Structures are given as structure tokens and as C-alpha cells.
Amino acid sequence: MEAHKFWRIVEQAREDAGAVTGPFDEAEVAEALITRLTALSRDEILDFDDLLGDVTAQLDTPAVAIACQLITGYISDDFFSSFRAGLVGLGRAAVEHIIADADSLAEHPVVIDIAAGRCERWALDSEDLLFAASSAYARISDGDEDAFWEAVNDRREASRSGEVLRQDRNRRPDDVEPALEGLPHLLMLLPPGRWAAEPKPAKTAPPADPHERCPLCGGGLPAASVGSSSRRDDGTILTRQFRRCLDCSRVVDRTMHADGWDVWRETDPVEIDQNISLRVFLDNHS
């Protein structure tokens with residue numbers, strides 16, 4: 001898939017959701033995008049997700065990270081990912097301006113509405129858009145939520161690129177000061193500490209998977225898994241899923257084999273302690 005087709009799909013979804021001529025609603029844009037993607041082939045959905053990753057990687061800069069903090073009053077690795085996906089929902093022109101100059105966000109109507117209190121500060125947080133491809137893939141796979149991740153794994157193995165996750169190559173601690181200096185208008189519109197008195201809304205409890213139970217206490221497991229893929233020494237891909245029990249709060253995982261997933265088992269607590277990203281994603285899904 002070429003970049004122009006990727007953006008055409010995004011712009012069509014924005015039109016379908018009324019975001020071109022009306023107010024921006026990330027959930028409606030994401031749902032319209034998922035609907036558009038279900039009309040594509042499975043390979044095209046995977047191509048779209050690859051290009052979405054490329055665009056959000058270009059938005060992974062110190063300036064955009066600080067903009068996220070100023071606009072929402074919050075930042076973490078997973079939240080920043082969904083924030084960048086929300087920026088993609090603003091359309092190609094907005095994204096290209098943000099990549100060139102993150103301070104241009106101060107002139108965007110959505111950010112102006114956030115600053116004026118006419119729009120929630122979480123308006124650009126779009127986890128639904130971030131995972132639009134996986135949602136669309138599941139819909140055309142009879143609801144099989146694993147199908148997308150298995151296809152991603154197969155594609156990686158076929159390409160034998162060894163790339164599992166895009167690295168945050170554009171952010172370094174010593175880039176913060178120059179990035180702040182490059183955001184004069186956004187700092188004036190949304191000065192640091194603007195949201196200090198407003199806590200992040202409490203998350204709603206995730207839905208339980210009706211087909212899976214915790215092997216440790218028999219309690220419910222969340223329907224959504226945190227996935228992890230890595231390349232073994234022999235070149236094959238190791239794919240695992242992690243879930244935190246909704247009842248006993250312990251973490252369990254299972255591994256993909258040639259004939260499917262094996263049984264859930266308790267994850268080594270040491271592994272969780274040493275893997276900050278895994279902890280963050282688990283906390284966000286439970």
C-alpha cells in the first residue's frame with residue numbers, strides 16, 4: 001500500500017465520521033476507519049497497520065511528547081502511542097504540519113477547544129484508532145482477535161527482518177530543552193501545570209473473556225491480551241500473550257506453537273519486574 005492510499009482511507013473515514021466539517025470525535029473516526037478497513041483484503045489491512053506505524057514513528061519526537069503532556073496533562077509510553085494515533089485522526093495536512101513543527105498544534109481547532117474547555121483534554125487519545133487494523137481484521141475473521149497478531153507474526157517471519165517493535169529513536173533526554181524552546185505558542189496556550197488539579201479519569205473495568213479462566217484462582221481473564229514477539233537464536237519467532245487476572249491480579253501467559261496456543265500459566269514475577277513496558281501495558285488492560 002502506498003502512502004497516498006493510506007491517507008485517502010484516513011480522510012474518507014474522517015468524512016464518514018463528520019470530522020471534516022464538524023467536531024472531531026476520535027471514537028467516531030476510529031469506528032469509521034475500522035468499517036473502511038473491513039472492505040480491504042487481509043494483506044491490505046496489514047499494510048495499513050505498517051504505514052500507521054511508520055507515521056506514528058515520525059511523530060515520536062521530544063516536541064510531540066511534550067505537546068502530549070501539555071495538551072492532556074499526562075504521558076506514558078502506551079498513552080503517547082494512542083495520542084499519536086489520535087493525531088493521525090486529524091488528517092494528513094495536520095500530521096505533516098505537526099511533524100514539521102509541533103508548535104502548529106497550538107493553531108489546531110481541536111487543541112484550541114481543549115484549551116478553552118469546549119473539548120475534553122483526552123480528545124486526541126485514540127487507542128481505538130491505534131488498533132483499528134486489528135479490530136477490522138478480527139471482524140473479517142469471524143471475531144477471532146488472535147488472527148491479526150498471528151498474521152503479523154507470519155509476515156515478520158516471512159520477511160525474517162527480526163524487527164519486533166519500532167524503537168523510540170527520535171527521543172533523547174537531552175532533546176527536552178530545545179523541544180520546549182520550539183513550542184512557544186503551545187506553552188502560552190496550555191502552560192505546564194494547567195491540568196494539575198484534574199486527575200486522570202478512572203478506567204472502566206475491562207470486559208472478561210467468556211472462554212478463558214485464570215489457571216491460578218479460576219477467576220476471569222480480560223478479553224484483551226498484551227502481545228509479545230521475539231526472535232529465538234534459531235531464527236523462529238516466539239509469540240506470547242499476557243493477561244492480568246481480574247480477580248487475583250496475578251499475571252498469566254501462554255505461548256503460540258505450530259498447532260495453536262498452549263495453556264495459561266503464571267508468569268515469572270521477576271520477568272514482570274524487569275519489563276517496564278510489559279507492566280505498563282498490563283496495567284492499561286486490567
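Colleague: Which residues of helix α6 are buried?

Modeller: In this predicted model, helix α6 spans residues 92–100, and its buried residues are Ala94, Val95 and Ile98.

Colleague: What covers the buried residues of α6, then?

Modeller: The cover includes four other helices, namely α1 (3–16), α3 (42–58), α4 (62–72) and α5 (77–88).

Colleague: You mentioned α4 and α5; at what angle do they pack?

Modeller: The angle between α4 and α5 is about 90°, and their axes lie 11 Å apart. Since angles of 65 to 115 degrees count as roughly perpendicular, that is therefore how α4 and α5 stand to each other.

Colleague: Which residues make that contact?

Modeller: From α4 the contact involves Val64, Ala65, Cys68, Ile71 and Thr72, while α5 contributes Phe79, Phe80, Phe83, Arg84 and Leu87.

Colleague: Where is arginine 121 found, and is it buried or exposed?

Modeller: Arginine 121 belongs to the loop that runs between α7 (109–116) and α8 (127–130). Its relative accessibility is 6%, and because buried means under 20%, arginine 121 counts as buried.

Colleague: Switching topic, how many residues of α9 are buried?

Modeller: Helix α9, residues 132–139, is mostly covered, with 6 of its 8 residues buried. Those buried residues are Ala132, Ala133, Ser134, Ala136, Tyr137 and Ala138.

Colleague: And stepping back, how many helices and strands are in the chain, and what share of its residues is buried?

Modeller: The chain has 14 helices and 7 strands, and of its 286 residues 42% count as buried. As for its surface, the chain exposes about 14,900 Å², of which carbon and sulfur atoms supply 50%.

Colleague: What share of the contacts comes from residues 24 or more positions apart?

Modeller: Among contacts in the chain with a separation of 6 or more, residues 24 or more positions apart account for 64%.

Terms used
Residues numbered from 1 in each chain as written. Predicted model: local features only at pLDDT ≥ 70, side-chain atom pairs only at ≥ 80, totals over all residues. Heavy atoms only, no water. Helix = DSSP H or I, 4+ residues; strand = E, 2+ residues; numbered from the N terminus. Buried < 20%, exposed > 50% of the residue type's maximum accessible area, 1.4 Å probe, protein only. Contact = heavy atoms within 4.5 Å. Areas by Shrake-Rupley, 256 points an atom, 1.4 Å probe, with all protein chains shown as cover. Axes fitted to C-alpha atoms, helices over the stretch in contact; angles between N-to-C directions. Parallel < 35°, antiparallel > 145°, perpendicular 65-115°, else oblique.
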